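This report covers some local features of a protein model.

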Amino acid sequence: MSTSEKNIILEAIDLSIGYPSKKGASNCIAKNINFQIQAGQLIGLVGPNGIGKSTLLRTLTKMQPALSGTIEIHGKKMEAYHPMELAQLQSVVLTEPPSSKNLTVQEFVSLGRQPHTNWLGSLSEKDFQQIEWAMEMTEISAFAHKKCFEISDGQLQRVAIARALAQDTPLIFLDEPTTHLDLYHRAYILKLLKRLSQETQKVIIFSTHEIDLAIQLGDAMMVFSEDGFFFNDPCMLIEQGKFEALFPKDSIEFDAKTGRFKIRD
């Protein structure tokens with residue numbers, strides 16, 4: 001086994017995703033999904049609304065079953081893992097704000113340690129060290145004792161990422177982490193994810209509408225379009241013309257030289 005093969009964290013093989021219908025037949029949203037992701041990679045998941053991005057994230061995190069195909073983590077089929085084992089392998093940051101904003105920032109980040117605590121939920125010295133490290137990595141230690149409702153949306157997104165870091169999983173999934181943020185904070189969050197993937201060697205997969213930023217920062221990208229699912233590094237996807245198929249050409253066009261979208265006159 002080569003070094004690159006040893007570093008493969010997540011793999012999908014002939015994966016089909018969708019929902020079972022009431023009549024028993026399956027409503028397939030996307031099929032022929034294949035990819036291998038290595039440690040330390042930042043992966044952007046892009047595509048038009050309603051094409052299957054969230055469905056893929058839910059399938060990869062076992063929130064819903066795959067229609068067919070295989071998902072492997074560290075070379076082992078996902079179905080073979082116990083739910084508690086999966087909680088130590090993957091963490092998820094959803095678009096929704098925390099259900100209780102009355103928690104302090106530190107208390108919310110501490111929730112990430114639940115899969116590692118004993119049956120009493122007691123935090124050990126190692127747990128506290130991991131929580132402190134997660135807050136330092138996301139630069140939120142300065143307001144650790146503030147209530148979650150007292151901080152901005154951009155800060156709250158960093159708190160959610162810190163909770164995922166505190167969980168200390170090799171895989172982190174984020175569903176549109178830049179929603180409701182201004183341009184500065186969108187760029188800040190994606191640059192933070194890039195730095196975290198490099199420094200921690202975790203795999204970070206995020207769905208986003210910030211396609212231009214994902215092209216600039218991503219090590220590889222998953223692209224959903226009407227033509228199917230594609231996975232490659234951004235430069236190869238540009239050469240293959242995969243971004244040009246994302247939106248109607250009469251309104252938006254992709255400039256392959258700059259890697260950016262622009263509105264047609």
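## Strand pairing

Glu72 stands opposite Lys77 in β5. Strand β5 (residues 76-77) runs antiparallel to β4, and 2 bridges join them. Strands are DSSP runs of E with at least two residues, helices are runs of H or I with at least four, and both are numbered from the N terminus; two strands pair if DSSP finds at least two bridges between them. The hairpin of β4 and β5 has 2 residues between the strands, and His74 there takes a positive phi near 55°.

Strand β4 (residues 68-73) also pairs with strand β1 (residues 8-20), in the antiparallel sense, over 5 bridges. In this pairing Ile13 stands opposite Thr70 of β4.

## Basis of the model

This is a predicted model, in which local features need pLDDT of at least 70 and side-chain atom pairs count only at pLDDT 80 or more, while totals for chains, interfaces and linings use all residues. Residues are numbered from 1 along each chain as its sequence is written, and side-chain values use heavy atoms, with hydrogens and water left out.

## Helix α6

Helix α6 (residues 153-167) has 15 residues. From first C-alpha to last it reaches 21 Å, close to the 21 Å expected at 1.5 Å a residue (1.5 Å times one less than the number of residues). Just after α6, Asp168 takes a positive phi of about 60°.

Of the 15 residues in α6, 12 are buried (under 20% relative accessible area, with a 1.4 Å probe and protein chains only; exposed is over 50%, partly exposed in between). Among them are Gly154, Leu156, Arg158 and Gln167. The buried residues pack against α3 (83-87), β6 (90-93), α4 (105-110), α5 (125-137), β7 (171-175) and α7 (183-200), where contact means heavy atoms within 4.5 Å.
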